Amino acid sequence: MTTPSSSSSRFARALPAPTTPLLLLAVVLLALTFFALFASDLKLQSPLATCSKGAATAAAADKHLGDASAAAEPAVDLRILLGVLTRAETYERRALLRLAYSLQPPPRRAVVDVRFVVCRLEREEDAVLVALEIVAHGDVVVLNCTENMDGGKTYDYFSAVPRLFAAAPYDYVGKTDDDTYYRTAALADALRPKPRRDVYHGFLTPCHLNVEWEYMSGMGYVVSWDVAAWIASPAAAAELRGDHEGPEDAVFARWLRRGGRGRNKFGEEPRMYDYLDREMGEGVECFRHELVADTVAVHKLKDRLKWARTLRFFNATSGLRPSEMYHIDLLQG
Ligand SMILES: *[C@@H]1O[C@H](CO)[C@@H](O)[C@H](O)[C@H]1NC(C)=O
Ligand SMILES: *[C@@H]1O[C@H](CO)[C@@H](O)[C@H](O)[C@H]1NC(C)=O
């Protein structure tokens, strides 16, 4: 990249004995050069600005597409918030998820904002290290709760979202865990034709029974904004008081039944499922099978190897360019 001084001095050398109009032209060109540099500075900052607002996935998409093509993208008609309920100390998993989500092909005409949701930071190191993540990535939500698996964090999350995001409501609000991998483009495409109200989407459990108490598995579920708004309402707070504990996914469904909400139920099986590979010595079930191309979400990614195989299957490594700098033979086979 040429600096302003080198380009202007080259320009000056090329000039014959300068006349007034030529000098004027030089000044205009110089001004344009500075303007171009200044404008490109602004552009360089824009992904970070998006990121600090928290749109990690959108920022990643911007980086890959460049601003020009991003501007040419068709208008967004669907916005989804996906909260990954996790704990402060799971730094490695969060780093992996952030990487995995940022490398996904961006959804078309949709925004899927992935946010990591943790409770109050109780330890000195978490306060500092999570603060650093927020500065760098802007994708963490810290709720005023104490960490618990089945003690009401899901309620805290859904009831906080309508207030936290009141300025820019989403069409849908989802909850997932840090052992689930959603494919955000597939999720957006699955939700696009569905109603925007009274929706409850996920993996309908138990998948082999037709029971009145069925619920969307905690691997991941999504409700329309109105349902989240109802959970956050004072009426629901009164109705659901004392009913926050227990397996969060089944409890969540009980809330919706009590409130008569989420009646547009959409089970996404078999595109949502538990991970299975041949080495696991387990069989195919209605909730478990091997990876398939049109996956919306895969669950039970409990260790690095399962994540690695899953990300490889979905071609996350295909962006790796040949280089003298590395030889990763295991990726060839
Ligand atoms: C968090 O919740 C606790 C207990 O409910 C309350 O005392 C405290 O004021 C809350 N903190 C904030 C920042 O809202
Ligand atoms: C991954 O890429 C290969 C080669 O382009 C393609 O055949 C395959 O369908 C892709 N897999 C998925 C899950 O999209």
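**Salt bridges in a predicted model**

Arg304 and Glu92 form a salt bridge, and their closest N and O atoms are 2.5 Å apart. This pair links distant parts of the chain: Arg304 sits in helix 11, residues 304–313, while Glu92 sits in helix 4, residues 91–103. The two are 212 residues apart. Please keep in mind that the model is predicted.

How accessible are the two partners? Arg304 is exposed, at a relative accessible area of 60%. Glu92 counts as partly exposed, at 48% relative accessibility.

The side chains of Glu290 and Arg278 meet in a salt bridge, at 3.8 Å from N to O. Arg278 is exposed, with a relative accessible area of 74%. For Glu290 the relative accessibility is 36%, which means partly exposed.

Then there is the pair Arg288 and Glu282. Here the salt bridge has its closest N and O atoms 3.0 Å apart. Is Arg288 buried or exposed? Arg288 has a relative accessible area of 11%, so this residue is buried, the cut-off for buried being under 20%.

Finally, how many salt bridges does the model have by the rule used here? The count comes to 32. As background, side chains of opposite charge can pair when their charged atoms come close.

Technical notes. Residues numbered from 1 in each chain as written. Chains lettered and ligands numbered in written order. Predicted model: local features only at pLDDT ≥ 70, side-chain atom pairs only at ≥ 80, totals over all residues. Heavy atoms only, no water. Salt bridge = Lys/Arg side-chain N within 4 Å of Asp/Glu carboxyl O. Helix = DSSP H or I, 4+ residues; strand = E, 2+ residues; numbered from the N terminus. Buried < 20%, exposed > 50% of the residue type's maximum accessible area, 1.4 Å probe, protein only.
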